[in-house]
Amino acid sequence: MFRRAIVRQPAPSVVGGLRAEDRGDPIYDALLEEHGAYVLALIRADVEVSVLPPLDAYPDSVFVEDPALVFPEGAILLRPGAPSRRGEVDEIADELRSRFDRVLELPAPVFAEGGDVLVTPDRVLVGLSARTDEAGARELIACLKELGRVGEIVQTPADVLHFKTDCSLLDDETVFVTKRLARSDVFAGMKTVLVPDGEEAAANALRVNDVVLVGSDYPKSIELLSGLGYDVVPLKTTEIGKIDAGLSCMSLRW
Ligand code: CIR
């Protein structure tokens, strides 16, 4: 269950957000609408949401999931692997220090981003990627241990931005996962639901209390998950998708 979340209002500079492949800039007003609908969906799912002010100096700062991790036991300030995103950590640190008694910090010079971290009921999976290096994953696992959590290093598929770009937890024992990630056997022991072909970006869904938020551009995924009995809330992700983001990226939840 999540009771609280932090989000950040998108700044106009978000249209210049990082992307692996250029499919055109997002349209700012449409992206604001996507963000607004996302916040509303969290509130409807019974989450108390704090909205931080926009940061024009950091185009990707709307994706608050990446510079920090939060748990009921405390928070961890991370070190984004993307140079343009490093300053986002200082920008969110005070907010987290005001909310959590324990705030741990990943030491320089290692790197890890929250998009590479999937929290399951019994362990925290840390995916190695272009944004999270092995030293970062190890330091992160040491921080997790201090918070009483068990971490495990896993591999993000090649050319995939983050580990969670390709998977999300649907419930305590089930993961929604792309075929390319499922092949790695990382979810042995868990139930897996495979993302329909051609809808790989739908893998970054978000379970929030009784509902699962899923991108509305992915009808096969919505039908599949609804058919399995999940209460699906479709949300538009067309604009944030142009800068490689999905539904988990836009909040920190605990
Ligand atoms: C980036 O490349 O950093 C942003 N454009 C997208 C970040 C998405 N974050 C996430 O998946 N946690």
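Tutor: The cover over the buried residues of helix α2 includes the strands β1 (4–8), β2 (48–52), β3 (68–71), β4 (74–77), β5 (103–105) and β15 (252–253). Helices (H or I, at least four residues) and strands (E, at least two) are DSSP runs, numbered from the N terminus, and contact means heavy atoms within 4.5 Å. This is a predicted model, in which local features need pLDDT of at least 70 and side-chain atom pairs count only at pLDDT 80 or more, while totals for chains, interfaces and linings use all residues. Residues are numbered from 1 along each chain as its sequence is written, and side-chain values use heavy atoms, with hydrogens and water left out.

Helix α2 (residues 88–99) has 12 residues. From its first C-alpha to its last it reaches 17 Å, close to the 16 Å expected at 1.5 Å a residue; the expected span is 1.5 Å times one less than the number of residues. The buried residues of α2 are Glu88, Val89, Ile92, Ala93 and Leu96. They cover an arc of only 135° around the axis, which puts them on the same side of α2; the arc is that of the directions from the helix axis to the C-beta atoms. On the other side of α2, Asp90, Asp94 and Ser98 are exposed. Here buried means under 20% relative accessible area, exposed means over 50%, and partly exposed lies in between (1.4 Å probe, protein chains only).

One of the covering strands, β2, contains Val51. With a relative accessibility of 44%, Val51 counts as partly exposed. Apart from its neighbours within four places in sequence, Val51 is in contact with Val7 and Gln9. Val51 and Ala5 are 46 residues apart in sequence, yet their C-alpha atoms are 8.7 Å apart in space.

In α1, the buried residues are Leu31, Glu34, His35, Tyr38, Val39, Ala41 and Leu42. Seen down the axis, these buried residues fall within an arc of 160°, so they line one face of α1. Asp29, Glu33 and Arg44 are exposed on the other side of α1. After α1 comes Asp46, with a positive phi near 80°.
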